[in-house]
Amino acid sequence: MAKEFETLKGTHDYLPHEQMLREHIKDILKKNFVKYGFPAAETPIVCMLDLLTSKYSADADILDEIYQLSDQGERALGLRYDLTICLTKLISSNRGITLPFKRHEIGRVYRDGPVKLGRNREFTQCDVDAVGISSMLQEAEFMNLTHHAYKDLGLDVEILYNNRKLLYGLIIETLGQMDEESLRKCIMLVDKLDKMTKDALAKEFADLGFGADKFENLYATFSMTYDEIKDKYKDSEVELLQEGLKELDELHALTANTDANESMAFKPFLARGIDIYTSTVWEIFLKDRVVNGHEFNVSLGGGGRYDKIIGTFIDDGNEYPAIGMSFGLDVIYEVLKAKSEGESQPLVDLFIIPMDTQVPSFILAENLRKLGLKVEIEKVDRRVKKSMNYANKEGIPFVTVIGGNEIEKGQIYIKQMATGVEMIKDIDDYEGITNFIFG
């Protein structure tokens with residue numbers, strides 16, 4: 001009895017028609033990345049474990065999700081869990097690299113964590129990062145890159161954004177001065193504001209030593225608009241709060257008359273819990289989170305500014321401001337799959353069935369491929385009816401059977417499978433055949 005091999009939960013096989021959609025997503029993203037000045041780069045999947053653990057504090061959940069392994073030299077290794085840490089290593093190990101440095105990378109990453117929609121054990125990240133740029137112009141470009149990339153994918157999204165300096169400042173202003181560890185714990189709680197009930201969140205803050213009055217003040221602040229926050233705290237003496245307001249004012253001025261403005265939505269409690277973020281942060285969600293009956297209440301991507309992390313690696317006294325984002329290929333794929341439910345793009349445009357006419361059939365196929373058609377030739381010895389059934393099953397839209405009579409007359413019949421309509425074309429009229437099939 002043949003052994004059944006199980007696919008590990010959180011990993012996936014993708015058949016050709018599925019992978020075609022995934023490649024379509026990559027192509028659109030790459031086009032937009034390059035348009036905004038992010039050429040391609042590539043980094044290793046297998047990394048030194050100390051590199052992978054250097055980015056987070058000791059109690060960060062991600063450290064429990066690293067796939068660990070060793071090589072024959074018994075060195076501690078791991079599979080990368082994101083692409084940002086690999087970019088950091090790339091910059092630090094190429095000291096002569098010209099700054100600013102921009103790149104995009106599309107590659108597999110691995111996390112041994114809970115599996116759910118948008119969170120697999122093996123998944124593909126599509127990252128764009130810029131190193132050596134402090135200007136808010138880069139944030140503004142990311143907003144527009146995000147807007148245009150998702151528009152090109154046919155998705156209407158909202159870019160929820162915030163500023164970590166503003167967030168830190170609001171917490172200090174409403175809860176009082178605190179040490180870095182307490183501030184970090186507050187940030188982690190604030191990031192759960194739309195995932196927990198108000199009472200549950202109040203209890204969590206109480207456990208940290210903050211009374212009900214302070215929590216109510218903080219909670220009320222996070223329901224305000226940007227203009228309301230700006231007006232209420234315009235005289236605040238908390239330096240971080242004022243810096244955050246200034247940076248957001250600049251971002252608003254830059255994006256106000258651009259396409260991104262229609263997608264951007266301020267979210268004052270957005271933290272993107274990762275410790276490395278220092279300023280602007282954002283996440284992308286569908287505006288309508290239900291697609292053909294499927295709910296997608298998950299992030300399609302996100303990013304932020306992380307000005308400190310690369311400098312800690314290089315430690316040469318210089319600053320390496322950095323900002324980047326990731327587009328979630330796997331969840332984008334699931335959304336587009338749901339959106340096109342019942343529809344599929346054909347893997348092949350034309351199926352040629354030769355009847356002892358392999359040479360002219362092959363010549364026809366090659367010339368049509370030069371003009372952009374996806375062409376397949378029947379290579380299995382079977383009856384024409386079975387070949388036609390195969391074409392139907394595979395969803396191939398056009399079929400031609402080429403026998404001796406067709407070669408003698410120099411003409412072929414091309415059948416549109418959906419309608420049964422046949423068109424006569426000269427066998428060497430490659431452009432005419434291509435135009436007919438492309439419609």
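Visitor: Where is the place of Asp 356?
Guide: Asp 356 sits in the loop between β13 (350-354) and α13 (358-370). Helices here are DSSP runs of H or I with at least four residues, strands are runs of E with at least two, and both are numbered from the N terminus. This is a predicted model, where local features need pLDDT of at least 70, side-chain atom pairs count only at pLDDT 80 or more, and totals for chains, interfaces and linings use all residues. Residues are numbered from 1 along each chain as its sequence is written, and side-chain values use heavy atoms, with hydrogens and water left out.

Visitor: Thanks! What's the phi of Asp 356?
Guide: Asp 356 has a positive phi of about 60°, although it is not a glycine. Most residues other than glycine have a negative phi.

Visitor: And is Asp 356 buried or exposed?
Guide: Asp 356 counts as exposed because its relative accessibility is 76%. The cut-offs are under 20% relative accessible area for buried, over 50% for exposed and partly exposed in between, with a 1.4 Å probe and protein chains only.

Visitor: What about Asn 292, what's its phi?
Guide: The phi of Asn 292 is near 50°, a positive value in another residue that is not glycine. Asn 292 belongs to the loop between β9 (290-291) and β10 (294-295). With a relative accessible area of 47%, Asn 292 is partly exposed.

Visitor: New topic: which residues does a cis peptide bond join?
Guide: Leu 99 and Pro 100 are joined that way, with omega about 0°. Most peptide bonds are trans. Pro 100 is in the loop between α3 (84-92) and β4 (101-110).

Visitor: Now the inside. How many cavities of 30 Å³ or more does the structure hold?
Guide: It holds 1 cavity of 30 Å³ or more. A cavity is a set of points on a 1 Å grid over the protein atoms alone where a 1.4 Å probe fits but cannot get out; lining residues have an atom within 4 Å of a point.

Visitor: What's the volume of the largest cavity?
Guide: About 40 Å³, taken as the space filled by probe spheres set on the points, which are joined across faces, edges and corners.

Visitor: Which residues line the largest cavity?
Guide: Thr 11, His 12, Tyr 14, Arg 22, Arg 108, Glu 122, Phe 123, Thr 124 and Asp 330 line it. Strand β5 (residues 122-131) gives the most to this lining, with 3 residues.

Visitor: And the lining by class?
Guide: The lining has 2 nonpolar, 3 polar and 4 charged residues.

How values were computed: On a 1 Å grid over the protein atoms alone, a cavity is a set of points where a 1.4 Å probe fits but cannot get out, and a pocket is an open set with protein on both sides within 12 Å along at least five of seven lines; lining residues have an atom within 4 Å of a point. Ala, Val, Leu, Ile, Met, Phe, Trp, Tyr, Cys and Pro count as nonpolar, Asp, Glu, Lys and Arg as charged, and the others, Gly among them, as polar.
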